[in-house]
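Please look over the protein shown below, together with its ligands, and follow the report that comes after it.

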Amino acid sequence: MKDAYGREINYLRISITDRCNLRCRYCMPEGISCVPMDEILTFEEIERVCREAVDLGITRFKITGGEPLVRLGCPSLIGMIKKIPGVDQVTMTKNGVELKKYLPELKAAGLDAVNISLDTLNPEKFLTITGYDRLTKVLESLQAAVDAGLRVKTNTVLQRGMNDGEWEKLMLLAKDQHLDVRFIELMPIGYGADGSMVSNPDLIERIRKKYPQVQHDSAFHGNGPAVYCRIPGWQGSIGFISAIHGKFCAQCNRIRMTAVGEIKPCLCYEESFDIRNALRCGTKEDVREVLLRAIRTKPQMHCFEKREAVTEKKLMAKIGG
Ligand code: SAM
Ligand code: SF4
C-alpha cells in the first residue's frame, strides 16, 4: 500500500532479538542489558504480523536483530514466513559468526539472501571493534554463503581512525566473487552518535582516483537505499548507503518492527506503535490497524544530517538497522 507521500511500502524489517554474540562499539557495547524473553514476540506472533502485512502489500521481509541466529529456532521462523501465501522474499542481516553452522537449515527453509556485517579484515581490529576474536568464523561463513549460491552482500561501517584505511581491501572482496560490498555511513543513533563517520562522497572520490574505470551500476540489487557502482571485470558491485549524504527517503519502501513489537515508521524518529498489545489482547483487525497507522504516519524524510533533530534514543541493536 502507498503511504501519505505516494511511496509503495512493501518491505518490513523484523528484529527477532535484542541479544547479540558481538559487542560492536557503535552499536551494542559491553554492559547493555537485554529485555526478558516474555517481552519478545514469539515466532507465532511474528508470523501473524507477517500475514497481516502481506494483506497490506508488504511482501518482502528482512530478519535482523541483535544477532538473529542467537535466537533458538531462527531457521524455522524463516520457513514459517516463506510459507505465507504472497510472500516474495525473506532475507537476513547478520554478523556471520554462526552462519556457516546454520546455512543448510536456512537454505532448506528458503532463505533468499543474506547481508553479512564485516567492518574489517584485520583480526586485531575485529577484536577492537566487536570485542571478540571471531573474524575467522565470519570469513568462513561468508565463503560458505557464497559457495552455497546465496545472494550475499557485505555491510561495512567505516570509522575514521579505525578501519577507514581498509576500504580497498574490503572492496576487493567483490573482485573475484559474486558478492556485493556495501559501505554504510555511520548514523547518529545510539553510540553511533559518538563515532567518527566517513562520508560516502569522500570514499567514492577515493575509489574514482584509484579505479578511474569505475561505472555507475543501475542494475537492481535488492530492496535497500543503496546506490551501486561497478568496476568492469569484477564479479560483484560496490554499494553505498549514504544515510547522511544521500537523501534516499523519496524511495523509502519500509517500516520496521523491534523484537518487543514496536512498529517504527522511520529509523530516525522515536515514534512507534505497539503491535504486541494488539497481538496479545486484540483482534486481527487491531493488528492490521497498527500496521496501517505506521504506514499512514510515515514521515516524509529522515533528519540524520541534523543530529539534534534525531529523536530515536534506542540503540541500533534494539532496532535492527
Ligand atoms: N547483528 C546483525 C549485523 O550485525 O548485521 C544485525 C543487526 S545490526 C544492528 C544491522 C546493521 O546495522 C549492521 O550492519 C551494523 O553495522 C549496522 N549499524 C549498527 N549501528 C549503526 C549505526 N549507528 N550506523 C550505521 N549502521 C549501524
Ligand atoms: Fe551485534 Fe550486529 Fe550490533 Fe554488532 S552490529 S553489536 S553484530 S547487532
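Which residues point one way from strand 6, and which the other way? Leu179, Val181 and Phe183 point one way, while Asp180, Arg182 and Ile184 point the other way, and all are buried, where buried means under 20% relative accessible area, exposed over 50% and partly exposed in between, with a 1.4 Å probe and protein chains only. In a regular strand the side chains alternate between the two faces of the sheet.

This is a predicted model, in which local features need pLDDT of at least 70 and side-chain atom pairs count only at pLDDT 80 or more, while totals for chains, interfaces and linings use all residues. Residues are numbered from 1 along each chain as its sequence is written, chains are lettered from A and ligands numbered from 1 in the order in which they are written, and side-chain values use heavy atoms, with hydrogens and water left out.

**The sheet**

Twelve strands form an open sheet of mixed pairing, in the order 7-8-9-6-5-4-3-2-1-10-11-12; strands here are DSSP runs of E with at least two residues and helices are runs of H or I with at least four, numbered from the N terminus, and two strands pair if DSSP finds at least two bridges between them. The edge strands, each pairing on one side only, are strand 7 (215-217) and strand 12 (273-274). Strand 6 (residues 179-184) is joined to strand 5 by six bridges, and the two run parallel. Lysine 153 stands opposite aspartate 180 in strand 6, and the bridge partner of valine 157 in strand 6 is isoleucine 184. Strand 6 also runs parallel to strand 9 (residues 238-241), to which four bridges join it, and there arginine 182 has glycine 239 as its bridge partner.

**The ligands**

Ligand 1 is surrounded by 21 residues, the closest being Tyr26, Gly66, Glu67, Ser117 and Met187, where a residue is counted if one of its heavy atoms lies within 4 Å of the ligand. This shell divides into eight nonpolar, ten polar and three charged residues; Ala, Val, Leu, Ile, Met, Phe, Trp, Tyr, Cys and Pro count as nonpolar, Asp, Glu, Lys and Arg as charged, and the others, Gly among them, as polar.

| Residue | Protein atom | Ligand 1 atom | Distance |
|---|---|---|---|
| Tyrosine 26 | polar side-chain atom | oxygen | 2.9 Å |
| Glycine 66 | polar backbone atom | nitrogen | 2.9 Å |
| Lysine 94 | backbone N or O atom | oxygen | 3.3 Å |

Taken alone, ligand 1 exposes 550 Å², of which the protein buries 94%, the areas coming from the Shrake-Rupley method with a 1.4 Å probe. Strand 3 (89-94) and strand 5 (151-157) are the elements that give two or more residues to this shell. Around ligand 2 lie Cys20, Leu22, Cys24, Cys27, Met28, Gly66 and Asn95, a shell of five nonpolar, two polar and no charged residues.

Leucine 291, in helix 9 (residues 284-296), counts as buried because its relative accessibility is 0%. Leaving aside neighbours within four places in sequence, leucine 291 is in contact (heavy atoms within 4.5 Å) with Val49, Glu52, Ala53, Leu56, Ile255, Ile263 and Ile275. Threonine 258 lies in the loop between strand 10 (254-257) and strand 11 (262-264), and counts as buried because its relative accessibility is 2%.

Notes: Polar contact = N/O pair within 3.5 Å; in protein donor to acceptor, adjacent residues only side chain to side chain.
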